[in-house]
Amino acid sequence: MDEQTTDEVRKKRIARLGGGTGESNPKKGTSKTPTESNVGPVPSASPDCRSLSKKEPSIGPDSMEVDSGLGLQDTACISPKAFQNAPVQLSTPHNSSTTPRKSSPTSLSNKQKHKIVIDALAAILQVKLDGTDAILPNAPLTIDSCSTSEGELDVKELVNQVLYDVVHYSINSMVADSSQVLLSLSNCFGTSSKYSQGAKRLIAQVEDLVTTELKEQSTCITLAILEGSIPIGSESTLCVGKSLAEELVKRNYHWDMFCHMVALTCKDKAFFDKLFSPMLIGLMEKARGLTLVSKNYLCALNILKDLLLLKDSSTGSSPFVNLVVNLENWLPAPVTTDTAGIMVQNISFLGAFLGLSTFAEDTTAVADTYFSTEGQDARYLTNTNAMLRSNLKLARLQMCEIILTILRVKETRPAVLSLLATFLEANGRRSQIQVDERKVATDGFMLNLLSCLHELSIDKISVSKIDGLYLYHPQRKLKVADCSRLKATEAEVEKWIKAIKPEEWIEPKFPTECFFFTLRCISLSIIPNIRKYRRRIRVIRELASLLKDLEKSRDSWQSNAALKYRNERQMQRWNEQLANFKRAQLCSDTSVLDPDILSRTIRFYGLSSLFLLQQVGCNLDLPKLPLAASVPMAFASLPEYIIDDMADFILFIEQNMPVVLTEPLCCRAVADIVTLLVVLVCSPSYIKNPYLTAKLVEIIFTADSNISGNTCKDFSQQIYEHTVALDHLMPSLMRFYVDIESTGSHTEFFDKFGIRYQISIIFKSLWCIKAHKAQFIRTASTEKDDFTRFVNMLTNDTTFLLDESLDSLKAIHELQDLMNSPTKWNQLNRETQQAKERRLSQEEKQCRSYLTLGSETVEMFRYLTEYIKLPFLTQELADRLAAMLNFNVKQLCGPKCKNLVVRNAEKYSWEPKKLLDDLTAIYSNLDCEIFAAALANDERSYSDSLFTDAVSKMTRANIKSTLEIEKFTNLGKKVNKILADKQQNDMDWSDAPERFKDPLMDTLMLDPVLLPTSNIVMDRKHILRQLLNKSEDPFNRKELKVEDLVEDKELKKEIEDWVRSRAKRLRTDA
């Protein structure tokens, strides 16, 4: 027989020594029905039998080898009587009886009893007691030594001696390891619990004595092994504990026996901790090695949960709960602050049970098992995601139950909260844009932690119970590093906190801590994953684009061997990277797009919205604006990331999982989020960072049906029809449109166009709602200054955007002509050609962007001027608006309009007919004497042919109706007449005194005003135009408002006198 076969036979023999698999081997009759559950309590020992380690002499290697007759009852045995009368029980019901019958049988002869005992031992232990078995060669002598002179058999002594000899043989002769020995004793306990061969009551009583003693001694020997009193080879108690954990996880170990061991030892805390701490370490290591593709991925979690649920019914204590939180690695100090995040996850006991993940960056198991090949169809991906999410949900339920079980014990609750706070503080770097993933906890760990915190917060916390001052409380467990505040500065916050008296602080309550823990965990878990999700999508697109471009240019490098080798290698690398990123994305989708965790986060943000509304002093039942002029410090001092993260999350939901917003469970939360959103957008002074307000505006923009179609229709409708929005949304957005001109950022010039484009889309939808349209018109008349500034910004943006767009179109036209001329193109070297191609790509990108923004702005001009006219005709705006319109119409209809013709115009959103229609509609909407005069004042672009060319173009392209063209033509005639009169009466004021001229425009001042901040005089219309852009003195940048201007009446009179004198002299000369 070879070595491998011998080893297998040895293992099978060892297993049989303890009763095989735990099933009885009936000789006759029927066995009792075994309990279906592996979980059940057993009675505990009396207090004087709690510690095996205190019994003398201890069992060790010497005693096992020298004195095989030594009985465990002399060393570590617990008597049946003490076992029977023990007051302590574990709380879970238990079917099997372990209490012996008090009365011994009297009607059986000693010989009969002798045979029953021997047969029971042989059947349960699977050994022979006739001296022929190598395991018990001295069995007859042992039986004789346990018999009295009257022939009665001492059952307890015999069971002890036989079982000890069996264990001794397993360890020393068969070289069994700890796992095999522990499993053998467990099987012995299990078989004893089920063994019943006697059909008669008297026989059953004898058998009960045997099985009770076997269970008792199996338990005691196991405890001695765990303690180290009975060594197994060179294995340490830690190794033995890990073996026990391994068998528990495999569900091989008899749960009743384990519960019995707990009941026997739980009274002595020190001894209990010594016995079971190694087992918990083994359980932790087992949990750390499991993944979602493991066969029994829930086993470690289930075992830990079962352990924590065990209770001592006499005291109500949970021995394993107390043991777990007192482990050295329950809350380990991080080795270094640089790697605190990952170290806390890897070293802490609970961290090992929160590591299950689907992310490819955390473990490759999921990607290799489910997403290893490309081309899986949508049905496969849907089913796989559903299966993985279901498995992950089951695991998270167990994780939550573990944490909740420990939290329910009042004495251990602070330890759990401290651990949770440490998890969050150690991973503070995860909120950064750039972070070293190797130094922080894994994505899966953080999402699992968030799921547990959801369980503590959602539907369990009342907003009235949340202490808004918690983040500054001297006794807070969660400490957040320095961060930007919503409104206040650090100095203001520090001063405010110092002013709070010690007696005013309220001791942090559990709901408050759970709320802020969850708030912070969202910032460190799902928000970083959202950012990574977007980056990964962008990288996948870029790699696919690079591969497409390189493949497209294959003909140009195919014939060059060096280039071919280099490019094909590069394509191979890019394809591999693309495949890896796609697999990672599929793994990420499983967790990041999990509807369960997304909807629960929405529900929590509903609670957060109520909290924030409460902090700003808003009535939660009937919110009204305006809010208090002075921002409450309770709100102003809050970290900016609270609202920033909420905005990021809502945007992600709108773009990727809008269905979550319509779930019945989320309806109330969504309504509260909408209220907060509208209140903050309509109160921009409550947030100092304009980009944060812009992000809130983006939420409204993304939900708009013009952008999302009908996917967010209900959400958008809730926003637009909110009672606060009906009165305040449009004026607030209009003011924000102006204020975003200056943000303090170095990218403010380009940022404003994107933000204003979003507002213009929102305005387009609001204009279609009767109540909002009426609010537009009212605002134009009641808030003239604000609306005039708004129109000025519209004019500025339209001028710039259309100028840039038309310039880009001309450049594209030129480059396309060059590339489509083989003769000219082939004359250029390859480097020049590549430079031209890069420029074309850049111009196309810029043109598409600017045309999209510019077209929306022009369209807004069109529908606003249809109903609102006066603000567009003020002296500071009319001339500029007329000049902008004239210039662009000339570009579209003038002699050089052919330069704007490009191929694939739809690629750039270039619609010249629509643009001309909108521009000429603005002319017609503002048709009046003032506007006609403003058009005539434009010396740069206006000419007699402007209207003629435009009419000709519109007629040929069938852009407008006959009546519309006629109205436009009549306006042109009016402008031409004004221009003719002006040219006839125009005078040359160039020789006017310098003090009569505007210092900026060098033109004669007609209405001079003094700038008090610089003591310089300017023409009113020019300074008003300047102040529309920025409320500051153009000469020294000091703050200056329209109402600060001082009319210079004396200078005005002098200018008027000079003008009359000059005119009189010119007429005399004529």
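**Salt bridges, ring pairs and burial in the predicted model**

Glu401 and Arg408 are joined by a salt bridge in which the closest N and O atoms are 3.3 Å apart. Glu401 is partly exposed, at 25% relative accessibility, whereas Arg408 is exposed, with a relative accessible area of 52%. The structure is a predicted model, and this contact is one of the 51 salt bridges that the structure holds.

Further salt bridges were examined individually. Lys250 pairs with Glu246, and the closest N and O atoms of this salt bridge are 3.5 Å apart. Lys250 has a relative accessible area of 44% and is therefore partly exposed; Glu246, at 25% relative accessibility, also falls in the partly exposed class. Towards the end of the numbering, the side chains of Lys1053 and Asp1057 form a salt bridge with an N to O distance of 3.2 Å. Lys1053 and Asp1057 are separated by about one helical turn because they lie 4 residues apart in helix α43, which spans residues 1049–1069. Asp1057 is partly exposed, its relative accessible area being 29%. Salt bridges also occur in a linked form: a network of them connects Lys764, Glu856, Glu859, Arg862, Lys914, Asp917, Asp918 and Lys960.

The protein chain contains 43 helices and 3 strands. Of its 1070 residues, 54% count as buried. The accessible surface of the chain comes to about 48900 Å², and carbon and sulfur atoms account for 51% of this area. When contacts between residues at least 6 apart in sequence are considered, 78% of them join residues at least 24 apart.

The average pLDDT of the protein chain is 84, and 88% of the residues score at least 70. Residues 20–105 have a pLDDT below 50, although this stretch has 189 contacts in the model beyond near neighbours in sequence.

Aromatic pairs were searched for across the whole structure, and 39 were found. In one of them, Phe423 and Phe445 are arranged edge-to-face, with a centre-to-centre distance of 5.1 Å and an angle of 85° between the planes. Phe423 belongs to helix α17 (residues 413–426) and Phe445 to helix α18 (residues 443–457), so this pair ties together parts that are 22 residues apart in sequence. Phe423 is buried, at 0% relative accessibility, and Phe445 is likewise buried, at 0%. A further pair involves Phe749 and Phe800, whose ring centres are 5.0 Å apart and whose planes meet at 85°, so this pair too is edge-to-face. Because Phe749 lies in helix α32 (residues 748–767) and Phe800 in helix α34 (residues 784–819), the contact ties together parts that are 51 residues apart in sequence. Phe749 has a relative accessible area of 35% and is partly exposed, whereas both Phe423 and Phe445 are buried. Ring pairs also build a cluster, made up of Tyr737, Phe763, Trp767, Phe776, Phe787, Phe790, Phe861, Tyr863, Tyr867 and Phe872.

Burial was also considered for individual elements. Helix α10, comprising residues 255–265, is mostly covered, with 11 of its 11 residues buried.

Ile135 is located in the loop between α4 (110–125) and α5 (139–145). The relative accessibility of Ile135 is 6%; since this is under the 20% cut-off, Ile135 counts as buried. The C-alpha atoms of Ile135 and Met174 are separated by 9.7 Å, and these residues lie 39 residues apart along the chain.

Phe1035 occupies the loop between α42 (1020–1029) and β3 (1046–1047). Phe1035 is partly exposed, with 34% relative accessible area. Together with Leu1000 and Met1001, Phe1035 forms a nonpolar patch on the surface, and the accessible area of the three residues together is about 270 Å².

Note on methods. Residues numbered from 1 in each chain as written. Predicted model: local features only at pLDDT ≥ 70, side-chain atom pairs only at ≥ 80, totals over all residues. Heavy atoms only, no water. Patch = residues over 30% accessible without salt bridge, like charges linked within 9 Å, V, L, I, M, F, W, Y side chains within 5 Å. Areas by Shrake-Rupley, 256 points an atom, 1.4 Å probe, with all protein chains shown as cover. Salt bridge = Lys/Arg side-chain N within 4 Å of Asp/Glu carboxyl O. Helix = DSSP H or I, 4+ residues; strand = E, 2+ residues; numbered from the N terminus. Buried < 20%, exposed > 50% of the residue type's maximum accessible area, 1.4 Å probe, protein only. pLDDT = per-residue confidence, 0-100. Contact = heavy atoms within 4.5 Å. Phe/Tyr/Trp six-rings, centres within 6.5 Å; stacked < 30°, edge-to-face > 60°.
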